[in-house]
Amino acid sequence: MRLTLGYLLIAVCFAAPASAQDNGDELPTFDGKVTDVTVYQGQALVTRTVDLPEGENAGKGGLAEVVVSNLPEFVMPGSIYAEPVSEGVEIRSVRYRVRPMEQDVRAEVRELDDQIKQLSQEIDATQRAKQLLEERKQYLAKVENFTTGTAKTELQSGVLNAETLKDMTEFLFAEREQIAEKDLELSRMLERLQIDSSLLQRKRSQIAAGSAKSVREAVVFVNVPAGAKSQLKLNYLVSNATWNPSYNLRTTADRDAVTVEYNAAIEQLSGEDWNNVTMTLSTATPSLVASAPSLDPLVVSLGRVSPPTMQMPQSGEKQSLAQSKSEIFKRQRELASNRGNFADSRYGGDPGNPFGESMPADAEMRGDYSGFDYDGRRRPDSREFDAQTAAKVADEELNELAEQLQVIEYNTARFETSKDEGPRTIAGEGVSVSYQLANQLTLPSRSDKQLLQISSRKLKGDFYRVATPVLTSYVYEECRLTNDTGEVMLAGPSSTFVAGQFVGRGSVPTVASGESFRVGLGIDTSLRATRSLVDKTERISGGNRVVDFTYELAIENFGDEAAEVRLLDRMPTSKQTDMKISLVKSDKPVSEDAAYQLEGLDEGLLRWDIEVPAGATGPKHLTLNYTMQMEYDKQLSIESNQVAP
């Protein structure tokens with residue numbers, strides 16, 4: 001009895017939609033309304049709210065297939081899923097399909113197409129009018145030739161009618177003048193029409209990215225409660241959408257605080273407009289796969305060992321090895337972040353066509369789609385491609401990449417590899433934060449970046465100037481701020497404004513809540529710094545050369561207020577034990593700042609915190625002298641051992 005009832009329930013569940021299709025009835029079609037969007041860095045999760053038909057009109061038992069139409073071209077089919085909003089609504093299944101359309105699916109693009117078509121018709125009409133004028137001009141030339149020949153004959157015969165010749169001549173010149181004026185008018189009109197057409201073509205190219213002449217739909221098999229208005233949500237991921245952080249840093253002339261405007265530059269080319277939506281920006285990676293990647297066994301064998309793996313590699317080989325490992329690590333990150341949406345080039349490189357299969361060339365002519373959609377892609381429901389399938393394909397390559405790395409490690413174990421060869425993470429990677437924007441926003445699908453403000457906060461800071469005369473004579477103003485916003489600030493470019501004036505561009509690092517960071521406020525034109533070698537003494541002690549270098553650091557202050565300046569310079573450092581480098585003396589003690597004492601001094605970086613009096617210029621400029629001593633083998637010379645970053 002239970003088995004029979006089970007089969008009956010299955011028959012009821014699937015008979016209703018099949019019957020509607022068999023009878024040729026059109027399925028209920030809705031666009032729904034985009035209500036929520038979460039923009040990730042590379043894609044976006046879109047949520048549409050759809051009003052369902054009432055159960056009494058949805059078929060026997062409230063079962064119905066509802067079509068959510070006009071999905072964007074860059075929708076990821078494997079990501080589509082539905083969830084009930086109203087109580088009693090049951091989602092049975094969701095499938096994806098593509099249907100051909102005569103015109104573009106977007107109204108804005110269709111309107112432009114109509115304008116372009118109208119201009120094209122006007123251009124054709126103008127060109128035909130010019131062609132007719134050319135024919136008329138050629139006809140007049142024939143008439144002129146005939147008139148000239150006839151007049152010559154009549155003149156020889158002595159029967160020339162001068163009045164008739166005069167009238168004909170005036171007629172020909174009047175016609176030529178009229179043709180010339182009309183031709184000039186038509187040429188100008190044609191030029192204007194072609195410019196307008198080119199402008200519309202560029203405009204269409206700009207706004208029609210992500211648009212197509214195929215309508216993409218989600219068919220939702222749903223059980224709707226009878227006699228009640230109900231809703232469901234359709235969720236899907238789209239590509240061609242991303243955002244990046246940027247900042248505006250503003251401070252007044254009083255330097256009391258810095259206003260940090262945290263902005264998001266959003267690129268939205270998904271193919272659909274987001275009108276009055278609740279928007280969230282996130283750095284998380286949307287995953288359609290709940291399970292971890294599958295780890296396959298690694299089987300190795302012995303082969304011929306190439307000589308480079310048996311000895312210390314040369315510098316070029318090290319760089320090549322580091323580059324190879326870096327590329328593998330990068331690909332690993334991409335795959336691990338997008339396992340549920342993975343589409344490898346071996347499978348067509350397209351989530352909608354992961355298996356690289358194309359419809360036979362004559363299939364459309366024969367009307368035989370045989371499991372393919374109208375645009376030539378194999379239907380996901382004919383050869384299932386979902387998040388699990390995508391993850392399986394991605395996991396295969398993840399295992400292949402890991403195998404390459406491990407084999408490199410096994411074959412290069414005879415020499416010491418650099419710790420910098422293959423960083424598995426990059427700055428800011430792994431920080432997952434979300435920002436829900438306060439107001440509802442509208443973002444059309446456009447090729448240009450659209451700037452939105454995430455937040456604006458005043459942060460108190462420590463203002464100071466930095467002089468590095470070994471690098472530049474300019475003195476820069478900086479400020480150390482503390483992120484007390486309660487949110488993580490992501491790394492991004494910044495534009496700095498002081499007293500309403502733009503002073504330059506910089507960058508803000510990734511800053512955790514409560515962490516301090518440094519920002520530049522541009523050049524302080526009232527200060528100038530210089531550095532010069534004022535004395536050098538040399539002597540031989542035993543087998544070593546001992547050299548004393550005395551440098552003078554000078555700062556001028558052209559302003560009418562004293563200025564606090566961090567004066568920076570450097571001494572060389574060496575890891576060789578037979579080379580000694582030391583600071584012998586200094587006019588002023590180096591900075592007592594704890595962070596500097598902990599790190600900077602050991603690296604040979606010198607810092608003095610000094611006050612430069614107002615008007616300290618010319619002979620009154622402030623100077624600081626220090627002496628550095630180097631001792632090394634007298635048979636050797638100094639070389640730079642700087643390692644490229």
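In the predicted model, Asp548 and Arg539 join their side chains in a salt bridge, with N and O 3.8 Å apart.

Salt bridges number 20 in total. Another of them pairs Arg531 with Asp569. Here the closest N and O atoms are 3.0 Å apart. This pair connects distant parts of the chain. Arg531 belongs to strand β18 (residues 516-541), and Asp569 belongs to strand β20 (residues 563-570). The two residues are 38 residues apart. Arg531 is partly exposed, at 29% relative accessibility. Asp569 is buried, at 4%.

A salt bridge also joins the side chains of Asp593 and Arg607, at 3.7 Å from N to O. Asp593 is partly exposed, with 31% relative accessibility. Arg607 is buried, with a relative accessible area of 9%. Elsewhere, salt bridges link Arg97, Arg99 and Glu217 into a network.

Aromatic rings form contacts as well. There are 7 aromatic pairs. In one of them, the ring centres of Tyr247 and Tyr262 are 4.8 Å apart and the planes meet at 5°. The pair counts as stacked because its planes are under 30 degrees apart. Tyr247 lies in strand β8 (residues 230-251) and Tyr262 in strand β9 (residues 258-268), 15 residues apart. Both are buried: Tyr247 has 2% relative accessibility, and Tyr262 has 3%.

A second example is Trp608 with Tyr626, whose ring centres are 5.4 Å apart. Their planes stand at 35°, so this pair is tilted. Trp608 is in strand β22 (residues 605-612) and Tyr626 is in strand β23 (residues 622-633), so the contact ties together parts 18 residues apart in sequence. Trp608 and Tyr626 are buried.

Ring pairs also build a cluster from Trp243, Tyr247, Tyr262 and Tyr435. Charged side chains meet rings too. Arg250 lies over the face of Phe497, 4.4 Å from the ring centre. Arg566 takes up a place over the face of Tyr464, at 3.6 Å from the ring centre.

Nonpolar side chains tend to be buried together in soluble globular proteins. In this model, the largest nonpolar core holds 56 residues. Within this core, Leu234, Tyr236, Trp243, Trp274, Met279 and Leu281 touch the most other members. Strand β8 gives the most to the core, with 8 residues. A second core is separate and has 27 residues, including Leu553, Met571, Trp608 and Tyr632.

Some nonpolar side chains lie at the surface. Leu298, Val300, Val407 and Tyr410 make a nonpolar surface patch of about 340 Å². Val300 is placed in the loop between β10 (274-282) and α4 (315-337). The relative accessible area of Val300 is 55%, so this residue is exposed, the cut-off being over 50%.

How values were computed
Residues numbered from 1 in each chain as written. Predicted model: local features only at pLDDT ≥ 70, side-chain atom pairs only at ≥ 80, totals over all residues. Heavy atoms only, no water. Patch = residues over 30% accessible without salt bridge, like charges linked within 9 Å, V, L, I, M, F, W, Y side chains within 5 Å. Areas by Shrake-Rupley, 256 points an atom, 1.4 Å probe, with all protein chains shown as cover. Salt bridge = Lys/Arg side-chain N within 4 Å of Asp/Glu carboxyl O. Helix = DSSP H or I, 4+ residues; strand = E, 2+ residues; numbered from the N terminus. Buried < 20%, exposed > 50% of the residue type's maximum accessible area, 1.4 Å probe, protein only. Phe/Tyr/Trp six-rings, centres within 6.5 Å; stacked < 30°, edge-to-face > 60°. Lys NZ or Arg CZ within 6 Å of the ring centre and 35° of its normal. Core = buried A, V, L, I, M, F, W, Y, C linked by side-chain atoms within 4.5 Å.
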